[in-house]
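Please read the following account alongside the sequence and the three-dimensional view. It leads through selected parts of the structure in turn.

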Amino acid sequence: MASAPLYILLCSGEHEKIQMAAMMASVGAVSERPVEVFVSMNAIFAFAKGRGPDERYHGGAFSRALKEKRAPDAVTLFGQGKELGDLKMWACSMALDVQGWEMDALEDGLFDGPLGLTKFLSDAENGQFVTL
Amino acid sequence: MSERTKIDARGAFCPGPLMELIAALKLVEIGDEIEVLSTDKGSAKDIPEWVAKVRHEMVSSNEENGVWSIVVRKAK
């Protein structure tokens, strides 16, 4: 039986939440489960083009541990999910507008395009929905 | 004749060993085997779970001195 698609609404700029979103998205996508991620609010800053881990990820003790222990990089994990599985990533059009960003402000090769929340929520009606 | 490729994922954290396995499986032929060496406790259960879900084949899973050797055969 096919797995229900997984829809992840990623809003937080906290490292641990971005990391968990990346882990869920990548593992789900490579497990023959369609996954879609909608990135908005503070989370969008983690995907700005050309940033290193210290600029990209912010958080508390666990963020420091993730960096010190060299846990898999979240943006890299999202990329692996796209390369190896069925993962789509959408940049919140409102977040882009508020920042005055175009898609080329974000890391290359990760996003499938800008999207509005209404369309994402409509698509998500028949799947499992997770907010981080 | 089938071949076996070894991946040394010791020191990699979840889901690193699984992602390395999946990337390697893309590159080998059906019937070939991948051996993953991992020190990540979760991978010892995660990899067999993934293998069953996507219908590859588990060959073996053994632990020695904190290092798991997990062998998977590409089935499709």
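Met41(A) is located in the loop that joins S2 to helix H2 (53–56) of chain A. Here helices (H or I, at least four residues) and strands (E, at least two) are DSSP runs, numbered from the N terminus. Although Met41(A) is not a glycine, its phi is positive, at about 45°. The model is a predicted one, in which local features need pLDDT of at least 70 and side-chain atom pairs count only at pLDDT 80 or more, while totals for chains, interfaces and linings use all residues. Residues are numbered from 1 along each chain as its sequence is written, chains are lettered from A and ligands numbered from 1 in the order in which they are written, and side-chain values use heavy atoms, with hydrogens and water left out.

A positive phi also occurs at Glu32(A), a residue other than glycine, where the value is near 60°. Glu32(A) belongs to the loop between helix H1 (15–30) and strand S2 (35–39) of chain A. With a relative accessible area of 38%, Glu32(A) is partly exposed; buried means under 20% relative accessible area, exposed over 50%, and partly exposed in between (1.4 Å probe, protein chains only).

Helix H1 of chain A also contains Ala25(A). Ala25(A) has a relative accessible area of 0% and is therefore buried. Leaving aside residues up to four places away in sequence, Ala25(A) touches Ile8(A), Val35(A), Val37(A), Phe78(A) and Leu87(A), where contact means heavy atoms within 4.5 Å. Between Ala25(A) and Phe62(A), 37 residues apart in sequence, the C-alpha to C-alpha distance is 20 Å.

How do H1(A) and H4(A) pack, and at what angle? Their axes are 8 Å apart and the angle is about 15°; axes are lines fitted to C-alpha atoms, for helices over the stretch in contact, and angles run from 0 to 180 degrees between N-to-C directions. H1(A) and H4(A) are therefore roughly parallel to each other, given that angles under 35 degrees count as roughly parallel, over 145 as roughly antiparallel, 65 to 115 as roughly perpendicular and the rest as oblique. The crossing of H1(A) past H4(A) is left-handed; a crossing has this hand if the near helix is turned anticlockwise from the far one by less than a right angle, and is right-handed if clockwise. On the side of H1(A), the contact is made by residues including Ile18(A), Ala22(A), Ala25(A) and Ala29(A), and on the side of H4(A) by Ala74(A), Leu77(A), Phe78(A), Gly81(A) and Leu84(A). By class, the residues of the contact of H1(A) with H4(A) are 11 nonpolar, 3 polar and no charged. In this division Ala, Val, Leu, Ile, Met, Phe, Trp, Tyr, Cys and Pro count as nonpolar, Asp, Glu, Lys and Arg as charged, and the others, Gly among them, as polar.

Helix H4 (residues 74–84) of chain A also packs against helix H1 (residues 16–25) of chain B, at an angle of about 30° and with the axes 11 Å apart. H4(A) and H1(B) are therefore roughly parallel to each other, and H4(A) passes H1(B) in a left-handed crossing. In this contact Leu77(A), Gln80(A), Gly81(A) and Leu84(A) of H4(A) meet Met19(B), Ile22(B) and Ala23(B) of H1(B). The residues of the contact of H4(A) with H1(B) comprise 5 nonpolar, 2 polar and no charged.

Within chain B, the axes of H1(B) and helix H2 (residues 43–54) come within 10 Å and cross at roughly 35°, and the crossing is right-handed. Pro17(B), Leu18(B), Leu21(B), Ile22(B) and Leu25(B) of H1(B) make the contact with Ser43(B), Ile47(B) and Trp50(B) of H2(B). The contact of H1(B) with H2(B) has 7 nonpolar residues, 1 polar and no charged. In the loop between strand S1 (4–8) and H1 of chain B lies Pro15(B). The peptide bond from Cys14(B) to Pro15(B) is cis, with omega near 0°.

Over all chains the structure holds 0 disulfides, a disulfide being a pair of cysteine sulfur atoms within 2.5 Å. Cys11(A) is in no disulfide, and the nearest cysteine sulfur, that of Cys92(A), is 7.9 Å away. Cys11(A) counts as partly exposed at 25% relative accessibility, whereas Cys92(A) is buried, with a relative accessible area of 5%.
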